[in-house]
Amino acid sequence: MNFEGDELKPKVFITKGPEETVALGERLAWELRPGACLALVGELGAGKTTLIKGLARGLGIPEEEVLSPSFVLVREYRRGRLPLFHVDAYRLTKPEELGEIGLEEYLLSDGITVIEWADRVPQAILPSCLKVKLEILSENERRISIF
Ligand SMILES: Nc1ncnc2c1ncn2[C@@H]1O[C@H](COP(=O)(O)OP(=O)(O)OP(=O)(O)O)[C@@H](O)[C@H]1O
Ligand SMILES: [Mg+2]
């Protein structure tokens, strides 16, 4: 995913600790319409899952439920005011696997779809997603840009 050439001006946030990233996710949840999609990009430990914990909180999903999908490509959380579909493309080995998990169905549904490691997903299937770039500035600081 190439953010450099993006013409849209991003909204940029600096968070100073995981709780602030959770709080940002919670706020973001209230801005999202049913059917929205977020494509998250950022290195290991950048805070992608932490942000999604906040989204879950904003959607009324018990936060302790939200784990990195890791060994499954997708986890579904249906106990909030909207369903949350949490996809982790880190271990994606071929794009066909996205078909197997039903990514396109998630994207067409009224739930919120969030994809970690979205740069590993063919961009052609993510045109409707907001792009979220997470960068590590220091041990506890992250720059989170929403395009
Ligand atoms: N400002 C911050 N925002 C988010 N996480 C932070 C921040 N400062 C420190 N951290 C720490 O960074 C780590 C972020 O981990 P997290 O699992 O959210 O990252 P990730 O991007 O999902 O990584 P992975 O690619 O391995 O799934 C946590 O240990 C968290 O406590
Ligand atoms: Mg993660």
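Me: What should α1 span at 1.5 Å a residue?
Reply: Helices here are DSSP runs of H or I with at least four residues, numbered from the N terminus. The expected span is 1.5 Å times one less than the number of residues, and α1 has 14 residues.

Me: Happy to go on! Before that, how far can I trust the model?
Reply: This is a predicted model, where local features need pLDDT of at least 70, side-chain atom pairs count only at pLDDT 80 or more, and totals for chains, interfaces and linings use all residues. Residues are numbered from 1 along each chain as its sequence is written, with chains lettered from A and ligands numbered from 1 in the order in which they are written.

Me: Within what arc do the buried residues of α1 fall?
Reply: Buried means 20 or more other C-beta atoms, placed from the backbone, within 10 Å of a residue's own; exposed means 12 or fewer, and partly exposed is in between. In α1, Thr21, Val22, Leu24, Gly25, Leu28 and Ala29 are buried. Seen down the helix axis, the directions to their C-beta atoms keep to one arc, so these residues line one face of α1; the arc is 160 degrees.

Me: Is Pro18 of α1 buried or partly exposed?
Reply: Pro18 belongs to helix α1. Because Pro18 has 16 C-beta neighbours inside 10 Å, it counts as partly exposed.

Technical notes: Helices (H or I, at least four residues) and strands (E, at least two) are DSSP runs, numbered from the N terminus.
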